[in-house]
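Hi,

Here's the structure I promised to pass on.

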Amino acid sequence: MIITKEATDAALALQNRGNVAKFFSIEFLEQKDEYFLFNCVFPEEAKNPLACVQGGCICAALDDATAVTVSMFTSAQKLPNSTDIHVTYHRPLSLGQTFMKTKVIKLGKTMTSVEGKIYTKQNKLAASMLHTAMLFDPN
């Protein structure tokens with residue numbers, strides 16, 4: 001399903017009501033087939049004691065990217081409210097700019113499942129997420 005520019009703009013406006021996208025400088029790049037591509041920048045405040053990105057910050061960025069993907073799919077008529085988030089961490093992630101890819105697995109009338117992946121600067125998979133959520137009217 002190709003998402004229109006209007007649907008994308010409306011979804012990004014909803015995303016900007018919150019602060020996560022701003023804090024991590026999450027930027028929607030484009031849709032490639034069924035995948036949605038995002039840039040993300042992890043600031044110094046996201047650093048763990050090993051000088052890598054703290055896992056909760058990775059989860060928050062993926063949560064936000066998968067949520068806005070669902071919003072794009074629904075032309076900003078629905079926002080997901082998480083019921084389950086499962087994250088697998090595959091390798092450490094450095095501070096700074098990184099890349100995320102999301103894909104809607106299933107979009108129902110009241111529930112959705114979305115996958116999100118985040119990659120290192122060397123384009124290696126750092127973490128993957130399965131995000132399940134109830135759909136709500138954002139207004």
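D9 and K5 sit 4 residues apart in helix α1 (residues 5–15), so about one helical turn separates them. (Helices here are DSSP runs of H or I with at least four residues, and strands are runs of E with at least two, numbered from the N terminus.) The two form a salt bridge, with their closest N and O atoms 2.8 Å apart. By that I mean a side-chain nitrogen of Lys or Arg within 4 Å of a carboxyl oxygen of Asp or Glu. K5 is exposed at 59% relative accessible area, while D9 is partly exposed at 37%. The cut-offs are under 20% for buried and over 50% for exposed, with partly exposed in between (1.4 Å probe, protein chains only).

Quick word on the source: this is a predicted model, where local features need pLDDT of at least 70 and side-chain atom pairs pLDDT 80 or more, though totals for chains, interfaces and linings use all residues. Residues are numbered from 1 along each chain as its sequence is written, and side-chain values use heavy atoms, leaving out hydrogens and water.

How many salt bridges does the structure hold? There are 4, including the one above. Another joins K103 to E34, at 3.5 Å between the closest N and O atoms. K103 is in strand β4 (residues 96–107) and E34 in the loop between β1 (27–32) and β2 (35–42), so this pair ties together parts 69 residues apart in sequence. Both are partly exposed: K103 at 22%, E34 at 40%.

K32 and E30 also pair up, at 4.0 Å from N to O. K32 is partly exposed at 47%, as is E30 at 35%.

Cheers
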